[in-house]
Each structure stands twice: as structure tokens, then as C-alpha cells.
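User: I'd like to learn how to read pockets and salt bridges in a protein model. Could you walk me through them?

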Amino acid sequence: MIEAMEQQIINSINNKWTKDKDKRRDIDLEQVSDSFRVLCSSRATTLDIIERLKKSDDKESKTQELKANMIKIYDWVTEETIESLIAKYCTSLKDKKKEAEYKAEVPQIEGYLEDLKENLITKTMNKLFVFHKIKEGE
């Protein structure tokens with residue numbers, strides 16, 4: 001099941017950034033966030049941080065620790081996919097016009113993926129708080 005959640009995140013990224021613009025599909029952040037929540041909840045490190053967060057008086061530092069852990073999980077799941085995607089867009093082609101077009105998209109892709117990462121982690125963190133019955137600011 002966990003592999004399916006990882007694959008859903010990877011497929012979402014790949015489907016968003018296929019070279020054929022007509023076949024691109026928007027990422028359903030709600031659905032990907034659900035998958036990422038399950039993925040994060042399956043990790044012992046995440047569960048340990050959540051348990052300490054529930055008991056802690058210093059919610060802010062534990063919340064930051066949880067966010068850092070989620071970033072590591074996201075990077076671990078997506079790093080290879082993102083590197084492969086960027087490499088695909090940077091490949092030399094016989095059609096230099098297409099090559100230039102693809103290479104010009106790389107900064108847009110990188111910016112989009114940074115925003116996706118931030119938004120996904122924020123949304124998933126909120127879902128983790130609800131799922132594990134943690135009230136922010138307590």
C-alpha cells in the first residue's frame with residue numbers, strides 16, 4: 001500500500017510535466033496530500049515526533065521537527081523522479097527548436113515543484129494534526 005502511495009505522488013508529478021502539453025494533467029493536491037499523509041503516518045520517525053508533539057509544551061519546535069521530517073520523506077520519494085524529469089527536459093535533440101523550448105521550461109518546472117513541495121507539506125501537516133488529534137497552538 002505504501003508503494004502505491006509513493007507511486008501516486010510520482011505519477012502526479014510525471015503527468016503534470018509530460019513533454020506533450022496536451023496530455024498534461026493538473027496535480028490534485030487534495031488527493032496527493034491524502035497519499036502523503038498515509039505515507040508520513042507509516043513512518044516510525046513521524047509517529048515518534050507526533051507523540052512527542054502531543055506531550056510537549058514546546059509545540060513550535062516539535063512542529064518544525066515534524067516539517068523537517070516530512071521534507072526528508074518527500075525528498076526521498078520524489079528526488080529520483082524530479083532529477084529524471086529535469087534531465088529529460090535538458091536532453092540534446094536534433095530538433096533544436098524543441099530542445100530550446102524544453103530547456104526554457106526547466107525553471108518553470110523547478111519553481112512549480114518547489115511550490116508543490118511547500119503546499120503539499122503544509123496541507124499534509126494540517127491533515128496529520130487532524131488525523132492524530134493535535135490542536136495547533138495548544
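Analyst: Happy to! Let's start with pockets: a lining residue is one that has an atom within 4 Å of a pocket point. Keep in mind that this is a predicted model.

User: What is the general idea behind finding such space, and which residues line the largest pocket?

Analyst: Rolling a probe the size of a water molecule over the atoms shows where empty space is left. Here, the largest pocket holds about 180 Å³ of space. Its lining consists of Tyr74, Asp75, Thr78, Glu79, Ile82, Glu83, Ile86, Glu110, Leu113, Glu114 and Lys117. Helix 4 (59-89) gives the largest share, seven residues, and helix 5 (96-131) also supplies at least two.

User: How many of the lining residues are nonpolar, polar and charged?

Analyst: Four are nonpolar, one is polar and six are charged.

User: Now salt bridges. How many does the structure hold?

Analyst: The general idea is that side chains of opposite charge can pair when their charged atoms come close. This structure holds 16 salt bridges. In one of them, lysine 127 meets glutamate 30 at 2.7 Å, N to O. That pair links distant parts of the chain, with lysine 127 in helix 5 and glutamate 30 in helix 2, 97 residues apart.

User: Is lysine 127 buried or exposed?

Analyst: Lysine 127 counts as buried because its relative accessible area is 15%, and buried means under 20%. Glutamate 30, at 39%, is partly exposed.

Notes:
Residues numbered from 1 in each chain as written. Predicted model: local features only at pLDDT ≥ 70, side-chain atom pairs only at ≥ 80, totals over all residues. Heavy atoms only, no water. 1 Å grid on protein atoms, 1.4 Å probe; cavity = no way out; pocket = protein on both sides within 12 Å on 5 of 7 lines; lining within 4 Å. Points joined across faces, edges and corners; volume = space filled by probe spheres on them. Helix = DSSP H or I, 4+ residues; strand = E, 2+ residues; numbered from the N terminus. Nonpolar A, V, L, I, M, F, W, Y, C, P; charged D, E, K, R; others polar. Salt bridge = Lys/Arg side-chain N within 4 Å of Asp/Glu carboxyl O. Buried < 20%, exposed > 50% of the residue type's maximum accessible area, 1.4 Å probe, protein only.
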